[in-house]
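Dear colleague,

Please find the structure below, followed by an account of what was found in it. I would be grateful if you could read the two side by side.

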Amino acid sequence: SDTCHCRLGQPFVFQTNVILEIPWVHGIWEPTQNHLSEMNSARLDRSQLVARLKEFTEVVQSHALHPHIRSVTLVANNEKEVQSFTSLRIADPCGKIGIKLLANIDRRVTYADMLNLANELFPNELVWISNADIGAGMGFEKLKHLAKNEMIAMSRHPPPHSGRGEDCFQYVGSHDGFFFYPPVPVMMVENSKFQTNRWGAENTMIDNFNAAGYLGRNPCQNVSFIVKCILCEVHNSIQR
């Protein structure tokens with residue numbers, strides 16, 4: 001159903017601002033050299049990339065309709081990525097979805113890029129920097145008590161029958177989203193110039209938040225993330 005809560009700014013509707021990358025899978029339209037290199041190293045065919053795209057589409061759609069999400073900022077690094085996403089025609093009845101185009105460069109978006117956008121767009125508002133395959137579940141209203149000096153590094157719960165591993169109750173050090181109040185210090189941005197979904201990236205981000213004075217916690221047993229895993233073997237081959 002294309003319905004959602006559009007009561008922005010009202011105190012009884014707790015909401016967060018999501019920032020996520022338009023993933024490199026959008027290169028299936030016209031891959032850049034960087035996209036081709038990643039696809040070749042992961043040995044992915046076009047059908048797998050299309051499945052990955054379907055997953056991303058479902059995630060963004062769920063964000064646009066979720067009552068506790070105020071805005072969805074998609075980060076792109078070239079015009080073709082923007083055109084590709086626009087062609088998906090995702091329902092956005094509340095006008096939550098926006099796209100920020102970075103410099104036209106052939107590289108993946110980094111945590112530093114998303115932190116800069118958080119500082120610029122949402123100072124003193126709650127921000128969620130998310131992996132592109134993570135949907136919001138239930139319990140987000142419990143985050144309304146997050147202090148300005150706290151950060152949440154959340155682990156996911158898999159959807160039923162997906163074959164995806166449980167990263168919350170069977171904790172393995174995986175964190176698929178960071179909740180915090182910007183602005184963050186310039187030094188933290190400088191120390192975060194690396195891609196998401198790589199071994200050690202999430203734990204390095206936790207160290208960076210701690211160094212910036214944030215107190216970290218992971219209440220994943222009370223707040224539900226759902227990973228939209230349509231083709232789990234693709235995740236296993238490209239994320240790390």
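Valine 127 stands opposite phenylalanine 180 in strand E7, in a predicted model. Strands E4 (residues 127–130) and E7 (residues 177–180) run antiparallel and are joined by 4 bridges; two strands pair if DSSP finds at least two bridges between them. Helices (H or I, at least four residues) and strands (E, at least two) are DSSP runs, numbered from the N terminus. E4 also runs parallel to E1, with 3 bridges between them, and isoleucine 19 stands opposite isoleucine 129 in E4.

Both faces of E4 are covered: Val127 and Ile129 on one side, and Trp128 and Ser130 on the other, are all buried (under 20% relative accessible area, with exposed over 50% and partly exposed in between; 1.4 Å probe, protein chains only). In a regular strand the side chains alternate between the two faces of the sheet.

As to the conventions, residues are numbered from 1 along each chain as its sequence is written, and side-chain values use heavy atoms, with hydrogens and water left out. Because the model is predicted, local features need pLDDT of at least 70 and side-chain atom pairs count only at pLDDT 80 or more, whereas totals for chains, interfaces and linings use all residues.

The largest nonpolar core has 27 residues, and Phe56, Leu74, Trp128, Leu143 and Phe179 have the most contacts inside it. Such a core is a set of buried Ala, Val, Leu, Ile, Met, Phe, Trp, Tyr and Cys residues joined through side-chain atoms within 4.5 Å. Two or more residues come from each of E1 (16–21), H2 (46–65), E2 (69–76), H3 (79–86), E5 (134–136) and E6 (150–154); E2 gives the most, with 4 residues. Apart from this core lies another, of 24 residues, among them Tyr111, Leu115, Ala201 and Ile206.

Glutamate 150 lies in strand E6 and counts as buried because its relative accessibility is 17%. Its side chain reaches the backbone nitrogen of alanine 147 at 2.8 Å and makes a polar contact with the side chain of arginine 217 (3.4 Å). A polar contact is a pair of N or O atoms within 3.5 Å; within protein, one must be able to donate a hydrogen and the other to accept it, and residues adjacent in sequence count only if both atoms are side-chain atoms.

Finally, Ala201, Glu202, Met205, Ile206, Asn208 and Phe209 are buried in helix H6 (residues 201–211). They lie on the same side of H6, because they cover an arc of only 160° around the axis (taken from the directions from the helix axis to the C-beta atoms).
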